[in-house]
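Here are some notes to read alongside the structure.

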Amino acid sequence: MPATPGNPIAPRPEDMPPKPSLRVRARGRTYMSFILTPEAPLKLWLEALDKQFEASPKVFEGRPIVLDLSLLDAQSEGLDTLQTDLRQRGLNIIAIEKADPSWPALQNWDWPPFLKGGQARGPIALPDGEKPPAHGAGDQQATEAGPPPALRTMLIDRPVRSGQSVENPEGNIVILGAVSSGAEVMAGGSIHVYGALRGRAIAGIAGDSTAQIYTTRFEPELLAINGYYMVAEEIPDALHGQPARVTLDGERLNILPFANS
């Protein structure tokens, strides 16, 4: 039937232009999480946690929490209400480790999805529908691929202001300026601040215990290397406002003076 102004002819499917193919992209992203390991008696442990909140009200603010129950057992008093007690304190529990869900005290717990990994990741290539390689083949290829690439350094040539967050999960960060209170810097390697460090500096987030933190003016709210942290109230007064570097020795952060020359 011929086309008329009121009766257009619909195009046939074979005459339609092909739809563009869309590619699904995925990237990895690392978040700094705290691992809390409660100890018995839980009543006293919660009191110690409350004192930590009083000293540093924002130490856990906005942070994902992994709850490690390795120091407790099925008979630990207060275990049945521990999850509720932590949530009432505003803690965001994203994972629970080293506990048996069959324990009677855990029957009413809300179990988060199981999380894998915990290391920093770059871009992730999703499979395109082809048959995956046999078990072991990919591991062999990864083994023969050579050593991992060297850490990349991110240079920030301006101050990091309150509320801003800078992250380089696969390398170091160098900042030519101050890090304001309320700002945050996270690196897979070391952090260098050529200015006042007044916010949060979190180094070694990919598991690097050799990472360090350097600043020409030491006034941080929080420091962390490889998951071990220190808040402002724990910093020696003698080093406040001075050039300093922070290292990790076992499970303890060391703050050392250094010459700014």
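**Notes on the salt bridges**

1. R217 is partly exposed, because its relative accessibility is 38%. This value, like those below, comes from a predicted model.

2. R217 forms a salt bridge with E219. The closest N and O atoms of R217 and E219 are 2.6 Å apart. E219 itself is buried, at a relative accessible area of 14%. The cut-off for buried is under 20%.

3. R198 also forms a salt bridge with E219. Here the closest N and O atoms are 2.8 Å apart. R198 sits in the loop between strand 10 (191-197) and strand 11 (200-203). E219 sits in the loop between strand 12 (213-218) and strand 13 (222-225). The pair therefore ties together parts that are 21 residues apart in sequence. R198 counts as partly exposed, at 33% relative accessibility.

4. Now look at R89 and D50. Their salt bridge has its closest N and O atoms 2.7 Å apart. R89 lies in the loop between helix 2 (82-88) and strand 4 (92-97), while D50 lies in helix 1 (residues 42-55). So this pair links parts that are 39 residues apart in sequence. R89 is partly exposed, with 27% relative accessibility. D50 is partly exposed too, with a relative accessible area of 27%.

5. How many salt bridges does the structure hold? The total is four. Those described above are among them. As background, side chains of opposite charge can pair when their charged atoms come close.

Notes:
Residues are numbered from 1 along each chain as its sequence is written. This is a predicted model: local features need pLDDT of at least 70, side-chain atom pairs count only at pLDDT 80 or more; totals for chains, interfaces and linings use all residues. Side-chain values use heavy atoms; hydrogens and water are left out. A salt bridge is a side-chain nitrogen of Lys or Arg within 4 Å of a carboxyl oxygen of Asp or Glu. Helices (H or I, at least four residues) and strands (E, at least two) are DSSP runs, numbered from the N terminus. Buried means under 20% relative accessible area, exposed over 50%, partly exposed in between (1.4 Å probe, protein chains only).
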